[in-house]
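Dear colleague,

I am handing over a structure that you have not worked with before, and my notes on it follow below. Please read them with the structure open beside you.

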Amino acid sequence: YNGYKLYDVNNKEQSRSKKDLDELLDKVNAQVENPVAILDQEEAKKFLTGKAEDKYAFFMKATELERIDRSIASTMDKIFELEEQEKRTELTVQDDVELMQEAKKQYDQHKEIAKMERKKHGCEEALAWAMYKEADNTLQEAVDRVRQFREKAEKKQEELTQAEASTQDGDNEQLNLRNRAEELSREAEDQANLKHQVEQEYKRAREPLKSMERNLKHLQKEKASAERTLKNANQRLDEKRQEIATRAGSAESEAAKRNQRLQEAEAKLAEMKEKYDRSKQDTNDWRQAYEELEPHVLQAKANVKDTTAKLRAIESRITSLESSSGNSLAIFGQRCAQLKKVVDEYAKNRKFQGPVRGPIGAYLKIAPGKEQFASLAEHAMGNGVLDRFIVTNDHDRKLLQSIRQKVGCQSDCGLFQVSAHAGRYKVPGPPVQGIETVESILNVSDDLVFNCIVDNCKIEENALARSKDESEQKLLVDEGGRLSLRGKIKKVFFLPKGDNWSVKGSAKQMVANEKGQLRQSIGLDKSKALEEAKRDTESVQNELSVLRREEAKLEHEHREKQIAWTKAKKEVLGMHSSINKIAEKIDSIKNEQDTAENFDTDTSDLEQDVENAQSDLDAVKERQTTLQEQIAAKEPEVQELKDKVEEVAARNVKVIKELEEASSALTAYLTSLSQRDEKLEKKRKKVQQLQEIVDGQEAKISEITNDVKKYLKHSRLLAYARLKRDEEEVEDTLNADDSHFLQTPSDEELEAIEISDVEKDSKYYQAKVEKLQKKIDQEKERRNTNKEDAMAAYEKFRRAQEIVDAKQSQLEEIKGLKKSLTQDVRQRRLRWEQFRSHIAAKTSVAFDEILNRKGSSGTVEFDHENKALDLIVQKDSADANSQQKDVKALSGGERSYTTIALLLALGESLETPFRILDEFDVFLDPVARKLTIQSLIEMAKSMPHRQFVFITPQDVSNVTTDPMLKVFKMTPPARNIVAGGPAQQTLEFSQA
């Protein structure tokens, strides 16, 4: 029991540990040793009578700055200790390094033989892999031979099966041919009837148009008659006016002149109107010709643009093929070959986690005898498939994407990510004979590639046919008007253009190939691709030359018509302006004639005749224009019927041609029936011979396969031993005996070892192994060494290296710790000085404010360099002469009040939960004591989160209590009568 007990709220003892007490005091920041928090008479006396240095020490202790300074000094001592430890460690490390170098020198002498042993192991492993590779090559050659014979046997068997099936279905085929001929005959008859019907419709549609054309001719005659009537009326008017002018004589010369001008103006007006009508008609004709030619010009430009783009694409392909230096992948694009090269390098360095295949087109070949469907199959697979690569996980996908960016791939050389699948998918073949699928015409050399194009291109669901009619006949099923496709077929592509059809919702949908041209890349070598591309270039260039000439011709004609149209419009506008001016002149002359005196000549009737004739002519022209518009509106309908007549006629010719072809096919089929039996027998014998060859080769393959497995297992055992040696922490180059590693591994461990590719044959590696073994024996005999000596040298070197590494690690740790502590001390010292300055300034301000309450003032001067604290007090704040720099010169009460003021000022910087002042008012006069008590009470109430205890022997009856202020008065002690007994018996409190 050390004198400390800690109780909880239930007055139950919890601990007697001094450590627990210190932690509790730190938690609540109770500074029991701080003289400002608990000020007794002894500390107050030291503070009052002490020197400036003592006051400064009191200030440092009260503000906790002294404790922080001691902590910083302790850290500095730790840094000095680390520097000494660093020097000692550096000296010992140098000695240990020399010992390690000496041990390594001895160890290196033993390593040379171990390196030769390691090299011999590598050659033995390479020898095993070379023997496996040779056996595997022999096996592959045998397998290829068997595959070729088996493919031939399967092909012959398929031909035999088809021939037998065609023999069995001979009657059905004959019936189909006959039905086809009859169907075409009926269709020819229907087409003839349809042609007659369309011709009658065309004839009926032409009747209104012919009537309108007859009416137009009649209107042209009426127009000519109206023009003659107008001309005669003008002539009569002119003769009348000439007569008036003659009879008027000289007396009426002015009137005659006016009549002469009027006659000339009206004649000119009639002439201008006639020219205006002709020019207006010419303008309409030029505009119509310009607008009719404009679509042809635009179409010619579009044709030239499309053909130019097509030519550039072909030229780009030729450039890519010529720059590929014989690379077979150039057919899929120049960047495809570059990407393949980089992918192979990454795969060789084992940077991929799974298999990577590509481009897909490199693994595809056309089945023999099915070359005619190659371009159609490529079209059915879709664009952008053949140049893609295949990965099986996210890591490889991200890595391949980065490789694509480095190579410069954009939309080309894409990728598929698929799930790895054991083996090749089993997919159904074509549903009927005579129809192929994309899967049936392709030979895919890799299972992963095959599974990928099944998943992404649906090669088993896309059927291929020679023609649309054949595909519909063999694949389309009609069940009571409900259409469907046979088997699992979803879409049917057919030659020659690559159009396709499908069935959706019991309805057949037809989709045309907009490009109209099929391209072949599968199974096409570079030379043939170049030849085909050059032929395409020559053909497209010729086509482009024709199109450009046609475009130039149309543009020239279009421009000429536009110039003529513009010129005619300008002429019409000019004539219209001239007509207006002449009409204004006629009106002016008539006005003069009306105002003339003594003029009684009257030509109004004749003028009315002219006007009537002109009105009749205008009406005929308007009717002519309306009729021409009606004819123009009717012509498209008639032209459409005419085109329909021509289309039906062309279809009729085609049906007749197909009927002739069907009749010829029926005749040829009947002729070929007699030759089938002989051919079937020959095919059966050929299939039997090929099957016997395949059986003999398969027995030979079985023997070679056993040898390959034996060599493979031996090679993997050697590789397993090498991997185990590499996993050992002790350097395996010292261990020439592999018995420690040649434990029997599991089958899974052997299967996990990848097959290694060697460059030389087995004879080369056998000679190297024998040469190395001879050299190792000579070195061992010359040095007279064994494995135990080498292992002892290695252990000595390893222990010395571990010692050096440990001491260097310790040295680095010491340097790092010293650096961190140095930086920390600098920052703490800087912050400590900032705190000290702040607390000093705050204390001086608070000290002055408290003295002001008594009418005094003062400051606290800090000399941090000499560690001194002086109080300057001015008794009367209004009298500078009352200033005292020596506190001892003050009266006892003034010194006490000054002390209280300083303590209160220092308390502003404390966060302790309680503060105790013992007998603080002993030397104060009544006025100072009252002010002091009042100041203490106000300060305590302003800090309700802290507890203040003021102990005084003086009377406090004038202090008013409240919920925040309590006054406790000690009861007088009971004196003991017994002499020598205790002077005080109880310390009970009674609240006043």
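Asp54 is partly exposed, with a relative accessible area of 43%, where partly exposed is the range between buried (under 20% relative accessible area) and exposed (over 50%), computed with a 1.4 Å probe and the protein chains only. Before going further, please note that this is a predicted model, in which local features need pLDDT of at least 70 and side-chain atom pairs count only at pLDDT 80 or more, whereas totals for chains, interfaces and linings use all residues. Residues are numbered from 1 along each chain as its sequence is written, and side-chain values use heavy atoms, with hydrogens and water left out.

Asp54 lies in helix H3, and it is one of the residues of a negative surface patch, which is formed by Glu53, Asp54, Glu861, Asp863, Glu865, Asp870 and Asp886. Helix H3 (52-62) and strand S15 (857-863) are the elements that give two or more residues to this patch. Asp and Glu count as negative, with the place of the charge taken as CG of Asp or CD of Glu.

Phi of Lys867 is near 55°, a positive value in a residue other than glycine, and at 51% relative accessibility Lys867 counts as exposed.

Another loop, between helix H7 (334-348) and strand S4 (364-366), holds Pro359, which is joined to Gly358 by a cis peptide bond with omega of about -5°. Arg350 lies in the loop between H7 and S4 as well; its phi is near 60°, again a positive value in a residue other than glycine, and Arg350 counts as exposed at 62% relative accessibility.

As for the chain as a whole, its secondary structure comes to 20 helices and 21 strands, which are DSSP runs numbered from the N terminus (helices H or I, at least four residues; strands E, at least two). Of the 992 residues in the chain, 35% are buried. Among contacts (heavy atoms within 4.5 Å) between residues at least 6 apart in sequence, 75% join residues at least 24 apart.

Conventions:
Patch = residues over 30% accessible without salt bridge, like charges linked within 9 Å, V, L, I, M, F, W, Y side chains within 5 Å. Areas by Shrake-Rupley, 256 points an atom, 1.4 Å probe, with all protein chains shown as cover. Salt bridge = Lys/Arg side-chain N within 4 Å of Asp/Glu carboxyl O.
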